[in-house]
Amino acid sequence: MERDDLKLAEADTDTPAAADAVAPPAATAPAWVSAAIPAVFVVLWSSAFIAAVIGTDAAPPLLLTFSRFAVAGVLLTIVALVTKSPWPKGRMLLHVIVVGLLMQAVQFGAFYTAIGAGLPGGVVALIQGFNPVLIALLAGFLLGEEITGRQWLGFAIGGAGVALAVAGALHFSTSAIVLSFVGLLGLSVGTVYQKRYTQGVDVRSGTAVHFLAGAPVMGVMTLTLEDPKVTDWGAFGGALAWIVLINSVGTFLLLNFMLKKQDASRVGTLFFLTPAVTALLAWIVIGQTLSLSAVLGLVLGGAGVLLAARK
């Protein structure tokens, strides 16, 4: 939930250490590996919503968010130090911190709180499905990326599908739905901000800074806004381990890699697929189901992403 995504400074392909941290040299990597990365990213990103449902059933949402950031931050700091990753400094460090607060603290603090309030993980993923539209708008205005007419049509169809699916969830807490849109905004703005301002930052140290910047914020919030107690250590530990190792590290490294190779708007179209995958995983793993309108919305969303992803 990654979202993390999918929290994240973008590495410069001209920096040897950064390139090695993201992927093997293109000349030696099999073609099917690059082709499989988007599909793997969607499945892993979607799994974060399921882990969040399990985790917030065992502990308060902000405590789960703080624990995620603290553990992932320490692990990546160790990796960065052992591999002698260069750390961002000065103004670049401030930019990396901003990205971390947007893509980590804002996104996941809001998403986890919405899930903790009872909003199903599948519905949160549906709201996050608006991410490609926001990214396309922001990338067009701020990054100068060209958006074709076919892509805009795909965004419109996909956005309509997400809207239809979310409309069927209005009987849930309105504040939880609002929080989900706040999380969406953090992800979208953070993604474009990262693309524009944090070029050249090593992915290992940059991602570590993201988590280390978000952890104190979430720590203060869990102490002041909720009762930070764990009711089921087994479920909490399992969910936290998955979120940290798979979602906090794996998916955001994949997101960072794809942002280096493709336009932000094209990478954003992958988020149209996460609602359907999340709904399927939620049904298989925790028995959650969606309404007919949500299912129809997923179909429209899938059609939109196929259209928008075509060159």
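User: What counts as a contact here?

Analyst: Contact means heavy atoms within 4.5 Å of each other. Ser205 is a case: leaving aside residues up to four places away in sequence, Ser205 touches Ala80, Ser85, Pro86, Trp87 and Pro88.

User: What kind of model is this, and how are residues numbered?

Analyst: It is a predicted model, where local features need pLDDT of at least 70, side-chain atom pairs count only at pLDDT 80 or more, and totals for chains, interfaces and linings use all residues. Residues are numbered from 1 along each chain as its sequence is written, and side-chain values use heavy atoms, with hydrogens and water left out.

User: How many helices and strands are there?

Analyst: Helices (H or I, at least four residues) and strands (E, at least two) are DSSP runs, numbered from the N terminus. The protein has 13 helices and zero strands. Its pattern along the sequence is α-α-α-α-α-α-α-α-α-α-α-α-α.

User: What do buried and exposed mean?

Analyst: Buried is under 20% relative accessible area, exposed is over 50%, and partly exposed lies in between (1.4 Å probe, protein chains only). Of the 311 residues of the protein, 53% count as buried. Ser205 sits in helix α9 (residues 203-225). Ser205 is buried, at 0% relative accessibility.

User: Is Lys84 buried or exposed?

Analyst: Lys84 is exposed, with a relative accessible area of 73%. Lys84 lies in the loop between α3 (61-82) and α4. The C-alpha atoms of Lys84 and Arg204 are separated by 9.6 Å, although these residues are 120 apart along the chain.

User: What is the phi of Lys84?

Analyst: Start with the general idea. Most residues other than glycine have a negative phi. Lys84 is not a glycine, yet has a positive phi of about 55°.

User: Which residues of α5 are buried?

Analyst: Helix α5 covers residues 121-128, and eight of its eight residues are buried. They are Gly121, Gly122, Val123, Val124, Ala125, Leu126, Ile127 and Gln128.

User: How are two packed helices described?

Analyst: By the angle between their axes and the distance between the axes. Axes are lines fitted to C-alpha atoms, for helices over the stretch in contact, and angles run from 0 to 180 degrees between N-to-C directions. Under 35 degrees is roughly parallel, over 145 roughly antiparallel, 65 to 115 roughly perpendicular, and the rest oblique. Take α5 and helix α8 (residues 174-197): they pack at about 45°, with axes 9 Å apart. They are therefore oblique to each other.

User: Which residues make the contact of α5 with α8?

Analyst: Val124, Ile127 and Gln128 of α5 meet Ile177, Ser180, Phe181, Leu184 and Leu187 of α8. By class, there are six nonpolar, two polar and no charged residues. Ala, Val, Leu, Ile, Met, Phe, Trp, Tyr, Cys and Pro count as nonpolar, Asp, Glu, Lys and Arg as charged, and the others, Gly among them, as polar.

User: At what angle do α4 and α10 cross?

Analyst: The axes of helix α4 (residues 90-116) and helix α10 (residues 233-261) cross at roughly 130° and come within 14 Å. These two helices are therefore oblique to each other. In α4, Met103, Gln107, Phe108 and Tyr112 meet Ile243, Phe252 and Leu255 in α10. That contact of α4 with α10 has six nonpolar, one polar and no charged residues.
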